[in-house]
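I opened the notebook to record what I looked up, entry by entry. The sequence and structure come first.

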There are 2 protein chains.
Amino acid sequence: MKKGKLIVISGPSGVGKSTAIHGLMERCPGMYFSVSATTREPRPDEQEGVSYWFKTRQEFQSMITEDAFYEYAEYSGNYYGTPKAPVEERLRQGIDVILDIEPQGAMNVKRLCPEAILVFLTAKDFSIIEARLRGRGDTDEAAITKRLKQARWEYTQAPRYDYIVVNDTPARTVEDIYCILTASKLRAADNLDLLKMEESL
Amino acid sequence: MKKGKLIVISGPSGVGKSTAIHGLMERCPGMYFSVSATTREPRPDEQEGVSYWFKTRQEFQSMITEDAFYEYAEYSGNYYGTPKAPVEERLRQGIDVILDIEPQGAMNVKRLCPEAILVFLTAKDFSIIEARLRGRGDTDEAAITKRLKQARWEYTQAPRYDYIVVNDTPARTVEDIYCILTASKLRAADNLDLLKMEESL
């Protein structure tokens, strides 16, 4: 059984990662979308293992100690992280796994899992990102400046990715990511077993 | 303007290269299929620059001297070769080019043009190749043995390719090659210009 592929969709906040991933999951129904762990309180509509893996602060810190995360970070007093175990289990089962993480986390994944396929999603024009960041109901100019600065840093990371996809038409973006995933499974180095028929010659 | 991609479809005789290429050309109408040069006499229905570039023996030998071929070979007293100039012109114009060549020629292309994408087409089961080789109206067992030996050698070359595609369902094969081509255009190293929007930050 061949291992599944680990594909990381990353890029600045507001670029449209969630929509692209949603489309890809529809295109490839067998994929597993990696669920994050968090110490934040579950909201009424959130389900364990679907929305998040809900952890106490102590549990989360034990997991950090046990090196159980690909990456983690603290935002507004809560931890968020990408647990390794559920991802690795699916990969072993031959299931492709998709991760939605920020560029800093993406670099950590690549370090721990060099065969991961890193896709940087960008916009056709930066004004689109800016408009989306401004449009999130936060009109505080200082906060927007901070987000733009963050986006700027994230763009500097793009050359370290394997692929860059311009998120212009949603259908095209899904198709591009689908092609990246499909092509990655056809690499000669991973498919030499297909040549075993040579023995029958 | 970005250069076109050079994609080489190769594999043993009888594996279905022509059908796959025909399907790919329909899927990607803008592509250019590289036309071979030959010293063989044109048949009544054959057109210069469509079926072949027809050359005299002297012309062909001059081209060899001028290093004008990616690869060439002599079969049954006639030369056949892949001229560089028409391919390189299309690539410069941003047009993708597809080559249909035998594994030995494919290795020469890779040597001269390292960015070429090499696809080895294989069958689901070797008995399919054998049946097709036998079914070409040549029932001479010695000739068949020779062809099978050639196919065996060609399989040994497959690990040197970039991709291996199993030609099981024709539509799937076309889709796989299309994905390989599409993904190759999305590689980060070739698309850093897409990040120029960073300057607007």
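How close do the axes of helix 1 and helix 7 of chain A come, and at what angle do they cross? I noted that this is a predicted model, where local features need pLDDT of at least 70, side-chain atom pairs count only at pLDDT 80 or more, and totals for chains, interfaces and linings use all residues. Residues are numbered from 1 along each chain as its sequence is written, chains are lettered from A and ligands numbered from 1 in the order in which they are written, and side-chain values use heavy atoms, with hydrogens and water left out.

**Entry: two helices of chain A**

I found that the axes of helix 1 (residues 17-27) and helix 7 (residues 170-185) of chain A come within 9 Å and cross at roughly 60°. Helices (H or I, at least four residues) and strands (E, at least two) are DSSP runs, numbered from the N terminus. Axes are lines fitted to C-alpha atoms, for helices over the stretch in contact, with angles from 0 to 180 degrees between N-to-C directions. The angle makes helix 1 of chain A oblique to helix 7 of chain A; oblique is what remains after under 35 degrees (roughly parallel), over 145 (roughly antiparallel) and 65 to 115 (roughly perpendicular).

I then listed the contact (heavy atoms within 4.5 Å). Helix 1 of chain A supplies Ala20(A), Gly23(A), Leu24(A) and Arg27(A), and helix 7 of chain A supplies Thr173(A), Val174(A), Glu175(A), Ile177(A) and Tyr178(A).

**Entry: helix 3 in both chains**

Buried means under 20% relative accessible area, with a 1.4 Å probe and protein chains only. Gly94(A), with a positive phi near 85°, follows helix 3 of chain A.

In chain B, Lys84(B) lies in helix 3 (residues 84-92). I count Lys84(B) as buried because its relative accessibility is 14%. Leaving aside neighbours within four places in sequence, Lys84(B) is in contact with Asp67(B), Ala68(B), Phe69(B), Tyr70(B) and Leu112(B).

**Entry: Gly81(B)**

Gly81(B) lies in strand 6 (residues 78-83) of chain B. Is Gly81(B) buried or exposed? Gly81(B) counts as buried, because its relative accessibility is 3%. I checked Ser36(B) too: Gly81(B) and Ser36(B) are 45 residues apart in sequence and 5.5 Å apart in space, C-alpha to C-alpha. Beyond neighbours within four places in sequence, the contacts of Gly81(B) include Ser36(B), Phe60(B) and Tyr72(B).

Technical notes
Buried < 20%, exposed > 50% of the residue type's maximum accessible area, 1.4 Å probe, protein only.
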